Amino acid sequence: MPLENGELARLTPTGVEVYDFEGHRLRKTPRTLNWNPVMVEKQGFKHYMLKEIYEQPGVVRTCLEDYLRADWEVNSPFSPVQLNLDASLLDNLQHVQIVACGTSWHASLVGKYLLEQVAQVPTSVQYASEFRYAPPPLLPNTLTIGVTQSGETADTLAALEMELKRRQGLEGAFEPRLLGITNRPESSLGHLVPHIIDTRAGIEIGVAATKTFVAQLMAFYLLTLELAWRRQSCDRPRLMELVTGLRQLPAQMEQILESQERYIEALSHDFAETQDFIFLGRGINFPIALEGALKLKEISYIHAEGYPAGEMKHGPIALLDAKVPVVTIAMPGSVFEKVLSNAQEARARDARLIGVTPLDEAEAQHTFDNLLPVPEVDELLSPILTVMPLQLLAYHIAARRGLDVDQPRNLAKSVTVE
Ligand code: AGP
């Protein structure tokens, strides 16, 4: 049964009693969650985080089965996705604004790239904790999206509540359009926001978000396809390419897990004593560089920074020497050559270069010292693949350092305080 604000629960040997703050007993109707004990077992994995990394191909598969129409083809008169979102939420949009924290904020940055480049909707992404105290001017025909895997992050909820109130106070064109992207539709977010994309990743126990991040990325792919379809911002053959590419992702993700985990585990020995890491990416993979750095920081306690590769020369390059490994995401596409050249600049400063790239060894030997290969894929879909070696790298470095990977110090799974 969901506990509302102003209620408290007393656990007894026979059940649960719910009261308001004046001590009155409340009648609540229990709700059965679709969970089972197997979901919360480690199933032979040493840590939940590793199990959850391995669950990611299945998460993407579920998402595709649930939300992508199997019968969609180039000439279909209907949208390739079925999110069951009202036209009143999505039609005539002029602007999308997204609020989120942490890893959900990184997923939102990928979302911004997709919404702007494919659906052609101007999109802003804000930390919920900043948005609350410096909200942007109200614009009409704006979709506000709250992204939170737990649905309980205090800053994200407060930002959305504030936005709802601001917009409810106004008439007509400022009609509130609110959407939540969450893994917990029964959460406080689900109570607050009338429209939800349920990411259906299953319970995530590791404090470091992995499968819920990939599921949030999937939600943004689906929303982007839906909007691109409605706005006719993308031609049908291109939509078909993206749909086909999405369907190939689970097998490609499995390929990464099969081919790389042992290598990354061995590589992690080299970094057990490392104190600083830099992660570089550009375009749609810049947020993945941020996410790789965050994963490493939170579970291994190694200082790490994610940077847009082109910005290195404006300051951070001064940090580089042989003691600072640089992980660079270099995927073929709009910024491929640029990223390779940024990586070479880092190598010229003696940094050890680790490449997340589909380049083979012969092609990569002039740029990278170590390769974390990922299959060649449409650049727009690549974040789902490029994040996986970074999750594995963070996991294995932390495990090698003997740290509590699933419950890192000072962190909680849901940050329910401001
Ligand atoms: C992710 O690894 C972190 N533990 C953290 O940044 C998290 O993403 C953030 O607190 C937001 O959580 P939410 O998605 O539940 O709102």
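Predicted model: local features only at pLDDT ≥ 70, side-chain atom pairs only at ≥ 80, totals over all residues.
A polar contact is a pair of N or O atoms within 3.5 Å.

The protein contains 13 helices and 13 strands. Its C-alpha trace spans about 70 × 55 × 45 Å along the principal axes. A compact globule of 418 residues would have a radius of gyration near 22 Å, and the value for the protein is 22 Å, so the two agree.

The ligand is located in the largest pocket. Two elements each give two or more residues to the shell around the ligand, namely helix H4 (102-117) and helix H10 (286-300). In total, 15 residues surround the ligand. Ser104, Thr148, Ser150, Thr153 and Glu298 are the closest of these. Sorted by class, the shell consists of seven polar, six nonpolar and two charged residues.

A backbone N or O atom of Gln149 is placed 2.8 Å from an oxygen atom of the ligand. For Ser104, a polar side-chain atom lies 2.5 Å from an oxygen atom of the ligand. The ligand taken alone exposes 410 Å², of which the protein buries 91%.

Note on methods. Residues numbered from 1 in each chain as written. Heavy atoms only, no water. Near = heavy atom within 4 Å. Polar contact = N/O pair within 3.5 Å; in protein donor to acceptor, adjacent residues only side chain to side chain. Areas by Shrake-Rupley, 256 points an atom, 1.4 Å probe, with all protein chains shown as cover. 1 Å grid on protein atoms, 1.4 Å probe; cavity = no way out; pocket = protein on both sides within 12 Å on 5 of 7 lines; lining within 4 Å. Sits in = over half its atoms within 2 Å of the grid points. Helix = DSSP H or I, 4+ residues; strand = E, 2+ residues; numbered from the N terminus. Nonpolar A, V, L, I, M, F, W, Y, C, P; charged D, E, K, R; others polar. Rg over C-alpha atoms; globule rule 2.2 N^0.38 Å.
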